[in-house]
Amino acid sequence: MNPSPEEATSPTDTEAKLASWWKELLGVEVVRPEDHFLEIGGNSLMATVLSNRIESELGVEVSMAELFNTLRAVATLCDELRQEQSA
């Protein structure tokens with residue numbers, strides 16, 4: 001069985017960090033790039049904790065609505081916000 005294009009792509013550093021935080025917060029073993037925060041057990045309280053962690057460790061503010069997306073989309077957004085700050 002061939003991996004999907006998403007599975008074949010190596011995670012970015014930001015994706016790997018977020019995946020680790022999601023696993024810790026949600027108590028899950030595996031987080032895939034296409035996983036949605038809410039669909040794998042997240043809630044608004046957990047999203048608040050995650051938002052605070054992103055702000056303190058990555059230095060960017062992500063809204064609650066933006067966190068309710070796929071891991072890959074959140075990681076991409078964080079990277080874009082970080083690039084804007086350094087421009």
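This is a predicted model: local features need pLDDT of at least 70, side-chain atom pairs count only at pLDDT 80 or more; totals for chains, interfaces and linings use all residues.
Residues are numbered from 1 along each chain as its sequence is written, and side-chain values use heavy atoms, with hydrogens and water left out.

Let's start with Glu15, which sits in helix H2 (residues 13–26); helices here are DSSP runs of H or I with at least four residues, numbered from the N terminus. Glu15 counts as buried because its relative accessibility is 5%, and buried means under 20% relative accessible area with a 1.4 Å probe, protein chains only. So what does the side chain of Glu15 make a polar contact with? That partner is the side chain of Arg72, at 3.2 Å (a polar contact is a pair of N or O atoms within 3.5 Å, where one must be able to donate a hydrogen and the other to accept it).

Now for the packing. H2 and helix H3 (residues 44–58) pack at about 145°, with axes 11 Å apart; axes are lines fitted to C-alpha atoms over the stretch in contact, and angles run from 0 to 180 degrees between N-to-C directions. Residues making this contact (heavy atoms within 4.5 Å) include Leu18 and Trp22 of H2, and Leu50 and Ile54 of H3.

Those names come back in the largest nonpolar core, which has 19 residues, with Leu18, Trp22, Leu50 and Ile54 having the most contacts inside it. Such a core is a set of buried Ala, Val, Leu, Ile, Met, Phe, Trp, Tyr and Cys residues joined through side-chain atoms within 4.5 Å. H2, H3 and helix H5 (71–86) each supply at least two of its residues.

How values were computed. Buried means under 20% relative accessible area, exposed over 50%, partly exposed in between (1.4 Å probe, protein chains only).
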